[in-house]
Amino acid sequence: MIREILVYPNKLLRETSKEVTHFDVHLHTLLHDMYETMVAKEGIGLAAIQVGVPLNVLIINLVDEEGYQTAETLYEMINPVILEKDGITIYQEGCLSVPGYYDEIERAAHIKVVYCDRDGNRCEEEFTDLMAIAVQHEMDHLKGRLFIEKLSYLKRKKFDKEWKKKQKAGK
Ligand SMILES: CC(=O)Oc1ccc(/C=C/C(=O)NCCc2ccccc2)cc1OC(C)=O
Ligand SMILES: [Co+2]
């Protein structure tokens, strides 16, 4: 079912998520609900904490060349760890927990990640481009960090001003 997405400055988003120890039906239900929620909100990535569940679970489903978001390219990562990262890339990021705000964020261009799939099988993958950016963005959520915390001082002031104005205008 579609779950509520926590929105900045909800304190729960700052929690550090915990390792998954049971690869059971509850995890599979969470993954299903995360996917339904993400797709309904037109997102391409979501971490469990964004639906209020502080577990090391993230999903990413990029849109393909024709603009379709098919579950064939859905990544479900449980207890992910970045083994290597190198290079630098900049991309205009957005987040379902910070709706309507986008900004240039610098991240590693290439990463090597090890994670478990929904059945607890160990997977190891290397990513570049948008997948590398998405994995790093979602893994920051597992540490309670939002992309706006990587903004320069001046850009963050711009964000704070914009966000306050939006809150006053009642979204
Ligand atoms: C108003 C509003 O909510 O705008 C949105 C903002 C963000 C998003 C989705 C963001 C998202 O999926 N981010 C995943 C992390 C990520 C960021 C950049 C590159 C890779 C991965 C969707 C929005 O809604 C619509 C209708 O576009
Ligand atoms: Co996000």
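Biologist: Which residues have the most contacts inside the largest nonpolar core?

Modeller: In this predicted model, local features need pLDDT of at least 70 and side-chain atom pairs count only at pLDDT 80 or more, while totals for chains, interfaces and linings use all residues; side-chain values use heavy atoms, without hydrogens or water. Residues are numbered from 1 along each chain as its sequence is written, chains are lettered from A and ligands are numbered from 1 in the order written. A nonpolar core joins buried Ala, Val, Leu, Ile, Met, Phe, Trp, Tyr and Cys through side-chain atoms within 4.5 Å. The largest has 18 residues, and those with the most contacts are Ile60, Met77, Ile111, Val113, Phe127, Met131 and Val135.

Biologist: Which element gives the most to this core?

Modeller: Helices (H or I, at least four residues) and strands (E, at least two) are DSSP runs, numbered from the N terminus. S2, strand S6 (110-116), strand S7 (122-128) and H2 each supply at least two residues. With 6 residues, the element that gives the most is H2.

Biologist: Is isoleucine 60 buried or exposed?

Modeller: Isoleucine 60 is found in strand S2. It touches Ile44, Gly45, Thr73, Leu74, Tyr75, Met131, Ala134, Val135 and Glu138, leaving out residues up to four places away in sequence; contact means heavy atoms within 4.5 Å. Buried means under 20% relative accessible area, exposed over 50%, partly exposed in between (1.4 Å probe, protein chains only). At 0% relative accessibility, isoleucine 60 is therefore buried.

Biologist: Which atoms are the protein donors of the cobalt ion (ligand 2)?

Modeller: Donors are N, O and S atoms within 2.8 Å of the metal (3.2 Å for Na, K and Ca), and sites may look incomplete because water is not among the atoms. Along the chain, the donors follow the spacing C-x41-H-x3-H. Lying 2.1 to 2.2 Å from the ion, they are Cys95 (SG), His137 (NE2) and His141 (NE2).

Biologist: What separates histidine 137 and histidine 141 in helix H2?

Modeller: Histidine 137 is buried, at 7% relative accessible area. Histidine 141 is buried too, at 1%. They sit 4 residues apart in helix H2 (residues 129-142), so the separation is about one helical turn.

Biologist: Which strands do the buried residues of H1 pack against?

Modeller: Helix H1 (residues 25-40) has 16 residues. Its buried residues include Leu27, Leu30, Leu31 and Met34. They pack against strand S1 (45-47), strand S2 (57-61) and strand S3 (74-86).

Biologist: How far is a polar side-chain atom of tyrosine 102 from an oxygen atom of ligand 1?

Modeller: Ligand 1 is surrounded by 18 residues, with Tyr102 among the closest; a residue is near if one of its heavy atoms lies within 4 Å. A backbone N or O atom of glycine 94 lies 3.0 Å from a nitrogen atom of ligand 1. For the tyrosine 102 atom and the ligand oxygen, the distance is 2.8 Å.

Biologist: Which two residues does a cis peptide bond join?

Modeller: Most peptide bonds are trans. Here one has an omega of about 5°. Its proline is found in the segment before H1. The bond joins tyrosine 8 and proline 9.

Biologist: What is the phi of aspartate 129?

Modeller: Most residues other than glycine have a negative phi. Aspartate 129, in helix H2, is exposed, with a relative accessible area of 59%. Although it is not a glycine, its phi is positive, at about 55°.

Terms used:
The expected span of a helix is 1.5 Å times one less than its number of residues. A polar contact is a pair of N or O atoms within 3.5 Å; within protein, one must be able to donate a hydrogen and the other to accept it, and residues adjacent in sequence count only if both atoms are side-chain atoms.
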